[in-house]
Amino acid sequence: MSEKSDAKKGKAKESISNFWQKTTDIGKKAAEEAKSLAEQAKKGIQEQQAKKYTPVTEEELKSEDFLVPSLIEIVDDYSKRDIITQQDAIGWIELHKEVRVLHMYFGYAPKSDFTFIPVIQRDAIYCSDNFEAKKFINSIHIFGKATEEKMAELARIAHSLGAKKCSIEIMEADTQGKSISLKSSLSNNSGEIQAQAKKSNMQSGKRVISFDGNNTPTRPVLKWFANDDNIKDLIEMRCSNDNSIKATTLELSGACSATMSIKIACAIDNILKISGGISMEKQAQKEYASKLIFELEF
């Protein structure tokens with residue numbers, strides 16, 4: 001009986017041992033499968049991130065084949081370093097609202113061939129200048145700077161064409177239905193500037209300039225208005241042989257000299273995570289809806 005009992009106990013132990021062995025094997029297999037799935041998932045995420053964030057080196061940036069994006073964001077030197085592992089990367093390219101954006105490391109920005117106006121700042125977004133390929137302007141200042149340049153260009157056009165007097169008025173629609181009218185008069189004789197504010201359905205800034213005038217007009221250099229047919233026709237009429245034009249009023253569409261496209265403005269808002277409130281998109285829409293009233297007397 002004892003031998004049989006011992007045999008039964010041996011078989012029972014063997015059975016239990018085999019059971020635990022199978023359980024252990026199943027556990028190991030499950031753990032290995034889970035590890036494999038985790039590695040695959042991690043690899044998939046890395047591949048997606050690699051597609052989303054494209055590292056850029058200085059050599060690539062300076063290559064003739066490299067297409068410099070219209071927007072550059074200056075970022076901290078440690079940004080996305082868990083993804084951008086290339087030691088010589090100066091930043092990365094990422095799509096925002098289908099617009100390519102170069103996220104450039106702050107430490108590299110001063111060494112680049114680009115000029116950043118007014119200064120280089122972390123977390124600032126810079127837009128490419130419409131006329132100088134390597135100049136980028138802080139998006140916060142770009143609309144105000146563009147307005148100043150447009151006003152100055154129209155004044156130079158009037159002076160080049162021999163005008164005695166010109167007025168430039170910006171009629172800017174307010175998308176919220178509230179606005180302020182700002183009017184200023186400027187005379188090159190007195191140098192006085194007068195400003196007055198009042199409520200209006202439009203935002204208006206008017207500048208009046210007096211010149212000595214002459215009948216020997218010269219063709220002005222155009223930037224913002226190089227493709228505006230009204231300005232080109234004015235120049236042709238004034239510079240023609242008969243030079244018969246004495247006065248005119250032009251209404252120039254803001255869309256013809258837009259600072260940036262609505263698409264670019266939306267991309268900036270996407271980077272800054274702007275939702276509601278004052279946004280680049282709203283400023284761009286307001287500019288597109290604006291008008292420049294250009295009056296000249298010869």
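Which side chain meets Lys135 in a salt bridge? The partner is Glu132, with 3.2 Å from N to O. A salt bridge here is a side-chain nitrogen of Lys or Arg within 4 Å of a carboxyl oxygen of Asp or Glu.

Before going on, some conditions. This is a predicted model, in which local features need pLDDT of at least 70 and side-chain atom pairs count only at pLDDT 80 or more, while totals for chains, interfaces and linings use all residues. Residues are numbered from 1 along each chain as its sequence is written, and side-chain values use heavy atoms, with hydrogens and water left out.

Searching the whole structure gives eight salt bridges.

Buried means under 20% relative accessible area, exposed over 50%, and partly exposed in between, using a 1.4 Å probe and protein chains only.

Next, Lys145 and Glu149 form a salt bridge, with their closest N and O atoms 2.4 Å apart. Both sit in helix H3, residues 142-160, four residues apart, which means about one helical turn separates them. Helices are DSSP runs of H or I, at least four residues long, numbered from the N terminus. Lys145 is partly exposed, at 23%.

Last, Lys150 pairs with Glu287 in a salt bridge at 2.9 Å between the closest N and O atoms. Glu287 lies in helix H6, residues 280-288, and Lys150 in helix H3, so this pair ties together parts 137 residues apart in sequence. Glu287 is buried at 6% relative accessibility, and Lys150 is buried at 6%.

Technical notes: Helices (H or I, at least four residues) and strands (E, at least two) are DSSP runs, numbered from the N terminus.
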